[in-house]
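The following exercises examine a structure step by step.

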Amino acid sequence: MKIAITFLAILLSMSVALAIDTERAFDDPELQARYETIISEIRCLQCQNQSIKDSNVFLAADLRREIRRMLGEGKTDAQVYDFLVARYGEFALYRPRVGGKTLVLWLAPLLLLAGGAVIMLRVVRRRMTLPIDDEPAADE
Amino acid sequence: MTFRYLAPLIAFAVLILVFVIGLTLDPRELPSPFLLKPAPVFELPSLREPERRVGSANYRGRMALVNIWATWCVGCRQEHDYLMQLAARNAIDIYGINWRDNRPDALRWLQQFGDPYVFSAFDADGRVGIDWGVYGAPETFLIGADGIVLYKHLGPLDESVWQRDFVPLISAGSPAP
């Protein structure tokens with residue numbers, strides 16, 4: 001039974017794969033470019049390591065449809081991102097916006113780099129005071 | 001002196017701790033941005049009576065459970081018997097949003113396995129699902145009488161989840177009888 005369900009699921013997912021919308025969404029090249037940027041910046045929540053541009057699950061298709069609708073209505077990029085973040089949280093953005101809870105995320109690399117620099121500096125400083133020869137240093 | 005030798009060990013232990021915590025977290029489970037915020041309002045055709053409009057107005061002023069389900073969703077089948085139990089013991093009013101489904105299948109499902117819902121709203125194109133930030137059925141929202149989302153559960157409901165996550169909120173949210 002389980003095998004049958006799995007097989008069915010695979011078959012179903014294949015039929016969805018055929019349905020991915022590849023045609024242009026807008027005639028206006030500028031609008032089309034904005035649309036493509038946005039959909040490549042949004043994480044597909046069902047298949048977390050794909051953007052909704054690359055994903056063919058129905059949720060990604062639904063979100064693409066919503067984004068097309070909003071852009072068609074003349075909404076700005078920021079409005080589209082706000083719409084998605086309000087519903088799915090910052091996690092939906094591949095580049096979370098700076099501020100609030102995501103501040104840690106943005107600052108962590110800098111902090112780690114600074115911490116590493118401090119440690120390296122201290123090690124180098126200490127070694128500079130050691131006598132320059134190949135004799136093993138006396139145990140501290 | 002001893003710290004010099006212990007430091008790497010301590011650093012390693014901290015790293016292991018971080019990994020252990022990281023591995024036990026489910027990356028699929030995201031905090032709902034609606035938590036402690038007003039629940040989205042919706043109005044959709046009823047699953048059973050396509051001409052009738054149902055929605056969040058139907059449970060205004062009362063605590064409610066909103067369950068997002070679909071017949072293609074394996075987890076929904078898993079939790080369905082438990083929803084039936086909840087309905088049978090009148091634990092709370094359960095409202096369904098039948099998400100991205102088709103009507104004959106959904107009706108057959110309710111006929112076959114029972115209907116725990118006060119009603120199911122029929123969200124054929126997934127618009128309302130998007131408004132609720134749904135990304136993986138089943139999802140269950142606990143809505144307070146004031147319309148605030150008190151809790152959201154991703155995945156099948158069962159007795160242990162119910163007792164642990166929902167019951168304390170429900171008894172806190174409604175005055176003791």
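**Exercise 1.** Determine in which hand α2(A) passes α3(A).

*Solution.* The crossing of α2(A) over α3(A) is right-handed, that is, the near helix is turned clockwise from the far one by less than a right angle. The residues forming the contact (heavy atoms within 4.5 Å) include Leu31(A), Tyr35(A) and Ile38(A) of α2(A), with Ile67(A) and Leu71(A) among those of α3(A). Helix α2 of chain A spans residues 29–41 and helix α3 of chain A residues 58–72; their axes come within 11 Å and cross at roughly 145°. Axes are lines fitted to C-alpha atoms over the stretch in contact, with angles from 0 to 180 degrees between N-to-C directions.

The model is predicted: local features need pLDDT of at least 70 and side-chain atom pairs pLDDT 80 or more, while totals for chains, interfaces and linings use all residues. Residues are numbered from 1 along each chain as written, chains are lettered from A and ligands numbered from 1 in written order, and side-chain values use heavy atoms, without hydrogens and water.

**Exercise 2.** State how many helices and strands chain A has.

*Solution.* Chain A has 5 helices and 0 strands, taken as DSSP runs (H or I, at least four residues; E, at least two) numbered from the N terminus. Of its 140 residues, 27% are buried, meaning under 20% relative accessible area with a 1.4 Å probe, protein chains only.

**Exercise 3.** Locate Glu79(B) and identify its contacts.

*Solution.* Glu79(B) belongs to helix α2 of chain B, residues 74–88. Beyond neighbours within four places in sequence, its contacts include Asn67(B), Pro138(B) and Leu157(B). A polar atom of the Glu79(B) side chain lies 2.9 Å from the backbone nitrogen of Leu157(B).

Terms used
Polar contact = N/O pair within 3.5 Å; in protein donor to acceptor, adjacent residues only side chain to side chain. Buried < 20%, exposed > 50% of the residue type's maximum accessible area, 1.4 Å probe, protein only.
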